[in-house]
Amino acid sequence: MSQRFVAQSEMPADAPRHVAIVMDGNGRWATARGLPRPAGHHAGVEAVRRTVEAAPALGIKTLTLFAFSADNWRRPATEVAALMALLRRFVRAETARLAEAGARLTVMGRRDRLPAGLAAEIAAAELATSGGTALDLRVALDYSARDAIVDAAMRAAAQGPLTREKFAQLLAGGDGSGEPVPDVDLLIRTGGEQRLSDFLLWECAYAELLFVPRLWPDFSAEDLAAAVAWFAVRERRFGGLGAADAQEPAAAVSSAA
Ligand code: IPE
Ligand code: IPE
Ligand code: MG
């Protein structure tokens, strides 16, 4: 992992600050090679390493990776066990490297259904990397966006008046008082499917969506750079007229937009 700290001034001005990735296609990658599906997950870990390493220099400050959905428990027990073992190995092997590279790891999703001991290892890795400022690396594990929204709504109910920003903070797992997690700028899904599969439904309200046919284990630093370059030439209008926006909006614009 690169230890180079990327200064704010070096970052491309029109880079996507928050990139989210649905890392799909591991099973097909393995099947195409006559290998068992877990071999694809294994190869996918290398793509995670490449992506995390390449992200800061491309101007990405927050990277959210979909590693295991709440619906992935539907898969055969052997595949789930292989995935959990890989995740545990990733946490053990990568924590020191992430800390060195200045990446702060946080894991989103439920922890009460994970194999024994994994939640504690995750908490230790989060603590060990908590000082990182080069990259906010969020890994979604046993994650469902709809469950996360319901959970945040229940916590919000106890807190009185609510703004979009505060709700976004609750959604990110905090108590509503911490640093806000920015909306997703660019969502990439590998593997060719064009769906969200219950990932970051709130946070992607104005995300640019990029669906690429490449299977996740084949995803390279160049693919990430190409995605960032594609993003850079999008015209994001947020409901206005973009570059041709009137100087004064005609009517009230939602304060938290
Ligand atoms: C994504 O790859 C990884 C997880 C969902 C855990 P898949 O395992 O879904 O691969 P395909 O879509 O079957 O090829
Ligand atoms: C989404 O991929 C979840 C992850 C990549 C972790 P899936 O392969 O589970 O999604 P569907 O089943 O094709 O919608
Ligand atoms: Mg899939």
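This is a predicted model: local features need pLDDT of at least 70, side-chain atom pairs count only at pLDDT 80 or more; totals for chains, interfaces and linings use all residues.
Local features need pLDDT of at least 70 and side-chain atom pairs count only at pLDDT 80 or more, while totals for chains, interfaces and linings use all residues. Residues are numbered from 1 along each chain as its sequence is written, chains are lettered from A and ligands numbered from 1 in the order in which they are written, and side-chain values use heavy atoms, with hydrogens and water left out.

**Strands**

Helices (H or I, at least four residues) and strands (E, at least two) are DSSP runs, numbered from the N terminus. Strand S2 spans residues 62-69, and seven of its eight residues are buried (under 20% relative accessible area, with exposed over 50% and partly exposed in between; 1.4 Å probe, protein chains only). Two strands pair if DSSP finds at least two bridges between them. S2 runs parallel to strand S1 (residues 18-22), with five bridges joining them; Val19 stands opposite Leu63 in S2. The pairing of S2 with S4 is also parallel and has seven bridges, and here Thr64 is opposite Arg138 in S4.

**Nonpolar cores**

A nonpolar core is a set of buried Ala, Val, Leu, Ile, Met, Phe, Trp, Tyr and Cys residues joined through side-chain atoms within 4.5 Å. The largest has 43 residues, of which Ile21, Ile60, Leu63, Leu137, Ile188 and Leu224 touch the most other members. Helix H3 (residues 77-101) contributes the most to this core, with eight residues. A second, separate core of 19 residues includes Val22, Phe66, Ala145 and Phe199.

**Ser144**

Ser144 sits in the loop between strand S4 (135-143) and helix H5 (145-157). Ser144 counts as buried because its relative accessibility is 8%. Leaving aside neighbours within four places in sequence, Ser144 is in contact (heavy atoms within 4.5 Å) with Ala70 and Asp198.

**Ligand 2**

The residues around ligand 2 (a heavy atom within 4 Å) are Val22, Met23, Asp24, Phe66, Ala67, Phe68, Asn72, Arg75, Arg189, Arg195 and Ser197. S2 gives the most to this shell, with three residues.

| Residue | Distance to an oxygen atom of ligand 2 |
|---|---|
| Asp24 | 3.2 Å |
| Asn72 | 2.9 Å |
| Ser197 | 2.6 Å |

The protein covers 78% of the 390 Å² of accessible area that ligand 2 has on its own (Shrake-Rupley method, 1.4 Å probe).

Definitions and conventions: A polar contact is a pair of N or O atoms within 3.5 Å; within protein, one must be able to donate a hydrogen and the other to accept it, and residues adjacent in sequence count only if both atoms are side-chain atoms.
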